[in-house]
Amino acid sequence: MSITRMFRDWDKYRKASPSGDLEKDHPDYKWAMAIDLDICTGCNACVVACYAENNVPTVGKDRFEHGQTMHWLRIERYWNEADAETPHRGAQFMPMMCQQCAAAPCETVCPVGATNQTPDGLNSQVYNRCIGSRYCSANCPYKVRYFNWYDYPEQEVAWPEPLPMQLNPDLTVRSKGIMEKCTFCIQRLRAAQSTARTEGRLVRDGEVLPACAQSCPSGAIVFGNLADPYSQVAKLWRQQQVELHKDKQDKDKTGDNGGVRGYRILEELRAYPSVLYLERVRDTKA
Amino acid sequence: MLRFALRGRKGLGAHKSRPLLGGLMLPAILAAGISLAAAGSKIEQPIEFPHDVHAGKMGINCMYCHTYARRSAVSGLPPLQKCIGCHEHIDSVKDKPRIKKLFEYWEAKRPIPWKKIHSLPDFVRFDHERHIQRFYFQQGQPVQEVCAHCHGDVKTMTVAEKVTPLTMGWCVSCHEQDHPENAVSAKTANGPNDCSYCHK
Amino acid sequence: MNDIDRRKLLKLLGWSSASLAVAGCGNPPESGTGTAEAYSEPGDFNVPGVGVYYASTCTLCEAGCGIKGRVREGRILKLEGSPECAISKGRLCGLGQASVQHHYNPDRLKEPLLRVNGNLQPVTWDKALSLIAEKTKDAGDKFAFLTGPLSGHLKVLVQNYVEVLGSKNHFVYDLLANKANQLAAEKVYGISNPQVQIAKAKLILSFGADFLNCWESPVHFSAEYAQFRKANEGKARGVLIQAEPKMTLTGANADRWIAIKAGSEGVFALGLVNALLEDAHHAKNVPASVAEAVRKYDKARVDRETGVSEEVFGRVLAQLRERSPSLVLSGPSAEGHIHGAQNAAAIMLLNVVLGNVGKTITAPAKIPFPQMAPAAGDTSALIAFNQALSQGRLQTVFFHGANPVFTAPGFMKVRENLKKAAFKVAFAHYRDETAEEADLVLPLDSALEDWGTHVAAYQPDGVQIHMQQPLMERLYPQGTRSLGDVLLTLLKQRRPDEYNPFPDYYAYLKSAAIKNKAAFKDAAADDEEFWYQTLSHGVLNVAKPEPQRIALNPGALDLDLPKPAEEDLHYPLRLVPSVRANFRDGRHANLPWLQETPDPLTTIVWGSWLEIHPKTAGRWGIAEGDIVEVISKSGTIKAQAYLFPGLEPNTVAIPIGNGHEAMGRYAKDVGVNPLKILDPVFEKSTGELALHATRVKLRRTEDNRTVVKDEGWRPGVVNTQMNRKIVATLAADKIKLFPEE
Amino acid sequence: MPDFTKGEEKDIRDTIAWAQINGDVLRSLSKPRFAFWALFTFALCLFSIGVACEVYQWRRGLGVANFDNPHVWGLYISTFIFWIGMSHSGTLLSAILHIIHADWRKPIYRFAEAMTTFSLMTAGLFVLIHLGRLWKFYYSLPYPSERMLWPNFQSPLLWDAIAIFTYLTSSILFLYVGAIPDFAICRDNATGWRKHFYSMLSLGWMGTDRQWRSFRVTYLTIACFLIPLAVSVHSIVASDFAMSQQPGWHVTSFPPYFVAGALYSGCAAIITLFIVLRYTFRFEEYMTMPILDKVGRLTFAIAMVWTYLNFVEYASVWYGDDMYAKDLLIQKATGPYSPFWWGMNFCGSVVPLLLLSKSVRGSPTAMMIVSLLLNLGMWLERWMIVAPTFSHGYYPWTMDHDQWPGFVQWGIVLGSFGWFGLLFMLFCKLVPSVSMYEVKEMVYHRTLAQRHAREA
């Protein structure tokens, strides 16, 4: 951005993010998610879909052993400590991807501004700007950023011929030294937004989905435009009484949320993530 | 060289304010000049396609041949079928060497290996559709002007040449400016300034 | 649109200006250095840079989900579920997503191979086909065709071919088949493959049926499961209880997971029947003889034989009484025993007692074209095949869609027996273990290059026939062929009059579809239009599906379950060869996405492991990462130990799928194959392999290696949330219910 | 051997002749002996290891250094802070002590100042080595580019780059300006290429009154400028952590803590180099034991400030409400990093107590050992700030206690010592490592003072 522009739009950069006025912050779009952990079965379909859509390299056993995996989306599996000998309430699954925070800790620290807030409320990652300082990952509370420790396309041959033909031409294949992360499938969003603008309208609810939400066999991942009050995702956020700009929701203030299941992870860190999770449910009578 | 860079800055819509800090712009203009110098040489194509005849003399709409540009981010190149569609019926030029060559390709069903003139790095995703939709369909600017903004005045060229730097600064200089939103309204808006629109 | 156009539509003439973006973030390219090739004739929907979706069918498992593939510049990029398919409803599991990696797999066979002097060497198709003609000339009953599960016209062609050769030996082999379940269902409900209405159930009691992951139709069941779980003011949240010796993914989602002793599922079920029959409204559902027969399954016996505490038994019973309709499912872990079918029948009896039949157990429609109906495989086919081989009764053997050298238990010695057949032909995509033993290996088109029709065994709604069409041109146009085309060619050699009218498999399918047009819903009057419609939708809906009839006969059931087998002090542990949804029987182990996607429960990648309960591990002195010898009476393998709490403590588990000795760079030498040490135990009424009946002992070696897994590395700590609110859990009775939408 | 334990021992012998000063110091610039070459070769080997590792890492990617997600930072950043910290003592000795007229600094400030410059140059390298795409490092520089993009001025890393660059420039200037009169002496005594070399460096210094006046003003000005810069540089490095949100990093007291740590490690390094130089160049006359004693006391004082700030941090975490930070603290003390963490506390807070003993301060051997331990402690401190937060951050799933820096990281860290050693050795042979004119001043002041005393 030029200095001219920076001075002109100074107010924009000085505002608190998020301001609390969703309409003002995001007049058209604010992409968000809601994931129902009671419906998520932990099947990993979303993970494979993400690999397929986003040109994520497979790193192989050795690299994986060294923690150099690249999966943008991971399914976490926790055990309940209180369970006795066997986990009689099952496991706890958690799809974890970039939370697209409205006040993202990663954004402020990047020395070159390679990751920043888009007007539609995403936390974008600009591969060709990234110099690989990895400060963003260091400051990410969720550790959902993945660094290209090796040159996967060329030297590591993550895609031996003819696998490169599968690569999605809509987004860059990242070479070594670049940070990457879940983008909410920004290539799909941009294409849908472009079509909508051509047709002189906004993107309709359900018109575009990230690969994970589209594949999810149980439909646990709901994606949409939070700025559209009639979208499925906005309804869920409203129903679950979670507001984007709050670090503590009103319903949680008493300590008992009244059985409303929505929550965001590490909300108290004031990163204002855009992914709402709905608590897992277990019938204790069973 | 400088002339080109400055000409590039005019073009679509009138721009209202010259940017501040003209001094700081100097390196930008210099860089633009350098990249132009690098691109200046004429490139030899398998068939020396005369844009001056088609777009100039005949006055054919750019989108008649470059039909994908308005429908896709990627403009693609006109399919060979397109050329043949007309030239099959133009007997007067059928014996010209270029047309003969064209038919050779057609009969062999071989695509013509055109050289890329306006090459962008892989990480840049210029959206042809969006620009044409906005400037041609929504604002009603003449199509030749819309295309010429980046591709130069092809009416005057045979084989297309790269006349604009197509560097990031060059793109941004336009995206900063306010353009009328559509043909009738006085409202203006600038192109997106967010990285993620072009870099994905 | 005629057929030639349809093919052309996919014609790949060049990738246009959107070249591959592999170069990453390099320097800006210079003008004139690259070329941009254009189409010479573009297809109708082909716009460079715009993806077009074509409908087809996923062939990675037998569920048969409809898919839509995104094609751009002639390349297939990504698969999605097809919203028009009643099974997938627009969703697709990870396995299905990975189908593109089969297609683009670097290890695919690219040309026919013939064994010359012990080595496989390239050969032309013509030579290969004439060789086949020569070898099958007077094959008769010495010919056998071993396939995986088949349906649709490929099945028709295979069966016709076998018949034409004068043989009866079409063996349909599926390691993961649920034959015992089918037999039990036949006995209990009168139909072998009933529909289970998961969404309608208020309670599901599942004995090892991993319906969310790899049981029958996982994508469909996952969608149903979502409905089952959803709660609002009009609908209570469904409760899932899972009883199994090794936790499956479905078990991990259960409200109550019960670590039941392997093989005792039937006892537990009949214990519940016994208790439920005390209620008059349940007792009226079965004849008195049943009540009499189950009386011996009292609480004491259940407690003794199943290892389930009385408290848990009571809770399950209370839930069954409280929640109706419920649904009781029997899965592989209940069926993989000598008395597997009996176990399954006992479990299914619960549905009868609880009055679920007709509510959550319903009858599917008949498939109107019996010759296209799925030939579900079984393991007894392999046993019969192997026996024939070992007795030297087979001379010419064809393989397709099955890899018996890898999947057959070690004791069957399939590799050795195969040597007795003089001419073995493998129709394959890879040089897998079976192809390595073959004399002629014929490379097939990938599922995304091939035509086909499929009929899913599990039809959730009416009957749909799925169309498979190429999503792109062949990658190796000279090398690979469609099995349908090959069979047609072979059939034409024998029966030219019958098959000459069909120039190729495509024409065969098209004419078959058009001929039966009347049977389908909303069929266009014009044949070409109908065909176009069929391909663009990818499914054909049978117009008037005829339902099958449920016929209950609980009185005839043999409810006398055997006493639990004696504990074997030398082999004290039970081995569960667990199924990973992503690998199935190991045929997908060469897909890097699937290898790299963690196993959901252990989060382990790229390998095999031995799941062992922490308590048992303590007893055997085993720590995570120890390389352990797993010894059965039939063999020994080495596997890496992973301490896993979701096990009945006397059970250990090793996943099936890895341990390949061939099949390309991604599968070879990754992990171990537990099938090699299975004991020769067979289900008594079906003759199926009893997969869950092997007993093992362990021996720790000195070797210890890091377990390569996704969960954090903290020595000796079971992964928990460290008191942070990551996955929060709420009790079902606390949740706030919102109005129905 | 005189008994230095007696308090009345003088910082410098006031009868020392000016010619002897010149002679002694210039002798250190003469043709190197075998030991020098041996050391030089050793340093060169270390440096080559570092270069080889860097080349390998450049070609293959940072993965070869065994980084992972979430362990995205490692020894490069810790060693970077270590070297930055090292640079502070030079400024302390040359600038701070200069303006408060502590004249015992005079014989030792020159090499300390050189140490500052070289350690900054080393630290700067680490910033670059650390980058995933080193070849694009210029993206982080604020210059008007064709792309019309600026770096992110919010990022502490950018402040870092600016602060280090400024500090480095000022330090070089300070070192150079301060050495001009000495270069003139060298010029007057040198022959051959050295004559040209020193002529160039001495900028025509004639020792006129006017020159001296300008020199004093310039020197003082840069000194005054350097002091806030030194404080700010390490505060900014501290901001890299304090401005982030991670447990163990998000600590308000980090800037002063870092500055204290920096001065601390710098003093320790001065002691080490002091003893090395004293013995190699036989500078017993200039680098005297009383001066070492003073440096020792100064080190002790700073060590206690550091210890205090360290405990403030622990206490605020322990009694605070931040469970993540507390968890991390417990992890540091009990987890896989505990040997290093306790090692750091021991070396940083217990070992300096030895400096209370006069006999320790009077024994070069003991001081050498203590100073090396302190340096080790300070290096561990930096590592313990950086690494455990990655192993045990907010998010339980990615906690990874098994990460150990790969050989490439260690190689480059070793290489940095080689690089520093090379620079320092070249410096010793090219620049007088004891400031001749200031020692003369010191001797002169002492003589004057004695004369005044006698006259009074």
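Trainee: Which residue in E27(C) is the bridge partner of A:Arg282?

Mentor: The model is predicted, and the pairing in question links two chains. Strand E11 (residues 280-282) of chain A pairs with strand E27 (residues 729-731) of chain C in the parallel sense, over 3 bridges. For A:Arg282, the bridge partner in E27(C) is C:Ala731.

Trainee: How many residues does chain A bring to its contact with chain C?

Mentor: Chain C brings 79 residues to this contact. On that side, helix H7 (residues 218-229) of chain C gives the most, with 7 residues. By class, the side of chain C that touches chain A holds 45 nonpolar, 17 polar and 17 charged residues. From chain A, the number of residues in the contact is 76.

Trainee: Which helix gives the most to the side of chain D that touches chain A?

Mentor: Here 39 residues of chain D are in contact with 40 residues of chain A. The side of chain D has 17 nonpolar, 17 polar and 5 charged residues. With 3 residues, the element that gives the most to this side is helix H6 (residues 156-189) of chain D.

Trainee: Which strands are the edge strands of the open sheet in chain C?

Mentor: The sheet has 3 strands in the order E2-E3-E4, with antiparallel pairing. Neighbouring strands of this sheet are turned by 35 degrees against each other on average, direction ignored. An edge strand pairs on one side only, and those that do so are strand E2 (52-57) and strand E4 (75-81) of chain C.

Trainee: Is the crossing in which H4(D) passes H8(D) left-handed or right-handed?

Mentor: The axes of helix H4 (residues 88-99) and helix H8 (residues 209-242) of chain D come within 9 Å and cross at roughly 140 degrees. Among the residues of H4(D) that meet H8(D) are D:Thr91 and D:Ala95, while those of H8(D) include D:Ala223 and D:Ile227. By class, this contact has 8 nonpolar, 4 polar and no charged residues. The crossing of H4(D) with H8(D) is left-handed.

Trainee: Which helices of chain D do the buried residues of H10(D) pack against?

Mentor: Helix H10 (residues 289-319) of chain D has 31 residues and reaches 44 Å from its first C-alpha to its last, close to the 45 Å expected. Its buried residues include D:Leu292, D:Val295, D:Thr299, D:Ile302 and D:Trp306. An α-helix has 3.6 residues a turn, so residues three or four places apart point the same way. The buried residues of H10(D) pack against H9 (254-280), H12 (338-350), H13 (358-362) and H14 (364-391).

Trainee: What percentage of the residues in chain B is buried?

Mentor: Chain B has 9 helices and 3 strands, in the order α-α-α-α-α-α-β-α-α-α-β-β from the N terminus on. Of its contacts between residues at least 6 apart in sequence, 68% join residues at least 24 apart. Among the 200 residues in chain B, the buried share is 37%.

Definitions and conventions:
Residues numbered from 1 in each chain as written. Chains lettered and ligands numbered in written order. Predicted model: local features only at pLDDT ≥ 70, side-chain atom pairs only at ≥ 80, totals over all residues. Helix = DSSP H or I, 4+ residues; strand = E, 2+ residues; numbered from the N terminus. Buried ≥ 20, exposed ≤ 12 C-beta atoms within 10 Å, placed from the backbone. Contact = placed C-beta atoms within 7 Å. Expected span 1.5 Å × (residues − 1). Nonpolar A, V, L, I, M, F, W, Y, C, P; charged D, E, K, R; others polar. Pairing = 2+ DSSP bridges. Axes fitted to C-alpha atoms, helices over the stretch in contact; angles between N-to-C directions. Left-handed = near helix turned anticlockwise from the far one by under 90°.
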